Amino acid sequence: MRKKHAAHHEEEHENHEAWVIPYADMLTLLMGLFVVLWAISSADMAKLEALQTSFAGSLGMTPSGESAAGGDGALDGTDGVLEGGFPEPLVVNGVEMTEERIEEAVGALEREQDAEEARAEENEQLDAVEQAISDHAAATGVADVVGFRREDRGLVVSIVSDQVLFEPGSADLRPEGRAVLDGLADALVALPNHVAIEGHTDDVPIATARFPSNWELSTARATSVLQYLLSTHGFPPQRLTASGYGEQHPVADNADPTGRARNRRVDIAVLSMTPAAPTGATP
């Protein structure tokens, strides 16, 4: 009877300690889980700190949450980005600058910058043309009868008529005139610019069978220059125009012989291919 009671007591003692094993297993698993979570949280801290710094910078705050401008946090007081509603619209000269207007203004600025670069490039080309014509005129001994000026429309080469291009009252080219035009044509034929040839006279009337007035004389002289450039130098005809202005556009006083000699001329305008700079813009 005593032995039976002892055996029963040992069986109850074994049953009471059976929970220890699964409890120990559970603690081990929890410890492992905590280790994994700690490892993950440690790896993300660096990313979290970088994200915090970046986000705080975009809000104008320090990483600690204070306003970089010296105010409170982004959501505190009146210094926060969410306080005070949306930013005030940008107004220029009384005009509210919407997104479309800003894009339009930026586009116009870019187009003007492109045009300015094109004008600068073309000016360099025209400088080279002027230098080439000047050098050729000097080499042929007629440098003093060729002048240059810049206008909004381009480069104007002015060649006096007397003793160079034509005899008085004539529209037939002299050999000296052909030599000047040869140098001009060599410098211009490769350019894409249009060329306007304009004849001018002084105010002394002319009345011949061939030229009833200075209008006909100036026009015939411009046409002679055009025909020479076409036939001798192969200028594309679509690039050339010729016109006569008589005595209507003098460059000097017709009251004295020197002024009248300057007014008897042919202007050859190399027309610009870029729009002129707006008034007030830097040339």
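Leaving out residues up to four places away in sequence, Val266 touches Val157, Ser158, Ile159, Ser161, Leu165, Phe166, Ile197, Glu198, Gly199, Arg221 and Val225. Please keep in mind, everyone, that what you see here is a predicted model.

So where does Val266 sit? Its place is in strand S7. Buried or exposed? Val266 counts as buried because its relative accessibility is 1%, and the cut-off for buried is under 20%.

Let me step back to the whole chain for a moment. There are 283 residues, and buried ones make up 28% of them. We have six helices and seven strands, and reading along the sequence gives α-α-β-β-α-β-β-α-β-α-β-α-β. Take the contacts with a separation of 6 or more: 62% of those in the chain come from residues 24 or more positions apart.

Now to the core. Which residues touch the most other members of the largest nonpolar core? They are Val225 and Ile268, out of 33 residues in that core. Several elements supply at least two residues each: helix H3 (99–139), strand S4 (154–160), H4, strand S5 (195–200), H5 and strand S7 (265–271). H4 gives the most, with six residues.

Setting aside residues up to four places away in sequence, Ile268 touches Leu155, Val156, Val157, Ile159, Leu181, Leu184, Val195, Ala196 and Val225. There is also a second, separate core of five residues, and Ala171, Ile206, Leu217 and Ala220 are among them.

Helix H4 covers residues 175–188 and helix H5 covers residues 214–233; they pack at an angle of about 65°, and their axes are 11 Å apart. The crossing of H4 and H5 is right-handed. On the H4 side the contact involves Arg178, Leu181, Asp182, Ala185 and Asp186, and these meet Val225, Tyr228, Leu229 and His233 in H5. By type, the residues of this contact divide into five nonpolar, one polar and three charged.

Staying with H5, how far does it reach from its first C-alpha to its last? The 20 residues of H5 reach 28 Å, close to the 28 Å expected at 1.5 Å a residue. Its buried residues are Asn214, Leu217, Ser218, Ala220, Arg221, Ala222, Ser224, Val225, Leu226, Tyr228 and Leu229. What covers them includes H4, S5, strand S6 (240–244) and S7. Just after H5 comes Gly234, with a positive phi of about 65°.

The buried residues of H3 are Gly107, Ala115, Arg119, Glu122, Leu126, Val129, Ile133 and Ala137. Strand S3 (146–151), S4, H4 and S7 are included in what covers those buried residues. After H3 we find Gly141, whose phi is positive, near 80°.

Two loop residues before I stop. Which loop holds Gln163? Gln163 is in the loop between S4 and H4. Its phi is near 60°, a positive value in a residue other than glycine. Why does Gln163 count as exposed? Because its relative accessibility is 52%, and exposed means over 50%.

The other one is Leu90, found in the loop between helix H2 (20–58) and strand S1 (91–92). Leu90 is exposed too, with a relative accessible area of 52%. If we leave aside its neighbours within four places in sequence, Leu90 is in contact with Val95, Glu96 and Met97. Leu90 and Ile102 are twelve residues apart in sequence, and their C-alpha atoms are 9.8 Å apart in space.

Notes
Residues are numbered from 1 along each chain as its sequence is written. This is a predicted model: local features need pLDDT of at least 70, side-chain atom pairs count only at pLDDT 80 or more; totals for chains, interfaces and linings use all residues. Side-chain values use heavy atoms; hydrogens and water are left out. Axes are lines fitted to C-alpha atoms, for helices over the stretch in contact, and angles run from 0 to 180 degrees between N-to-C directions. Helices (H or I, at least four residues) and strands (E, at least two) are DSSP runs, numbered from the N terminus. A crossing is left-handed if the near helix is turned anticlockwise from the far one by less than a right angle, and right-handed if clockwise. Contact means heavy atoms within 4.5 Å. Ala, Val, Leu, Ile, Met, Phe, Trp, Tyr, Cys and Pro count as nonpolar, Asp, Glu, Lys and Arg as charged, and the others, Gly among them, as polar. A nonpolar core is a set of buried Ala, Val, Leu, Ile, Met, Phe, Trp, Tyr and Cys residues joined through side-chain atoms within 4.5 Å. Buried means under 20% relative accessible area, exposed over 50%, partly exposed in between (1.4 Å probe, protein chains only). The expected span of a helix is 1.5 Å times one less than its number of residues.
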